[in-house]
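Trainee: I would like to learn how to read a sheet and its core. Please walk me through one case.

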Amino acid sequence: MEEKAEQTATVLRETVGEDAMVGVSYYDEEGVGHVYRSDWAEQKYDPEEVDEIIQELRFESLGYTIHEEKQQQNLRATVRVYKDILDIVIPTNGTQGVGFALDTDAEFSIREVIDTVENALAREESASASSS
């Protein structure tokens, strides 16, 4: 998952720019990890707080299957809108996913960002599968 989070960070730098990025993290069966935190995020949140946030997102993702069944389609992403940031989580399966936060003042289309990250994750997964 760390590779997928690194790929997400790279794509976000290219798509929205590093100034818009607050953080990029991931979760999987083994826990959580982080690949990018902005200076703003470093000042605002202790590392343990970020771990807790991503851990909560990890546990929340376990319930996505119920929503997918009711909607009869896969959940592509969740977005939480706060005053200063948008939290976006893209589940890659029932127990893994990447999460990233973006500055709400930055100029971007959230739909385009999600599509771009999903496409990058799909390419990463294809590359991993063909090298196995």
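Mentor: Start with a pair. β3 and β4 run antiparallel to each other and share 4 bridges. Strands pair if DSSP finds at least two bridges between them; strands (E, at least two residues) and helices (H or I, at least four) are DSSP runs, numbered from the N terminus. V79 stands opposite I88 in β4. This is a predicted model: local features need pLDDT of at least 70, side-chain atom pairs pLDDT 80 or more, while totals for chains, interfaces and linings use all residues. Residues are numbered from 1 along each chain, and side-chain values use heavy atoms, without hydrogens and water.

Trainee: In what order do the 5 strands form the open sheet?

Mentor: The order is β2-β1-β5-β4-β3, with antiparallel pairing. β2 (31–37) and β3 (78–81) are the edge strands, each pairing on one side only.

Trainee: Which residues have the most contacts inside the largest nonpolar core?

Mentor: Such a core joins buried (under 20% relative accessible area, 1.4 Å probe, protein chains only) Ala, Val, Leu, Ile, Met, Phe, Trp, Tyr and Cys through side-chain atoms within 4.5 Å. Here it has 23 residues, and L12, M21, V24, I90, F100, L102 and V117 have the most contacts inside it. α5 gives the largest share, 5 residues.

Trainee: D87 is in β4. How far away is the nearest side chain of opposite charge?

Mentor: A salt bridge needs a Lys or Arg side-chain nitrogen within 4 Å of an Asp or Glu carboxyl oxygen. D87 is buried and has none; R80 is the nearest opposite charge, 5.7 Å away.

Technical notes: Buried < 20%, exposed > 50% of the residue type's maximum accessible area, 1.4 Å probe, protein only. Lys, Arg positive; Asp, Glu negative; His and termini not counted.
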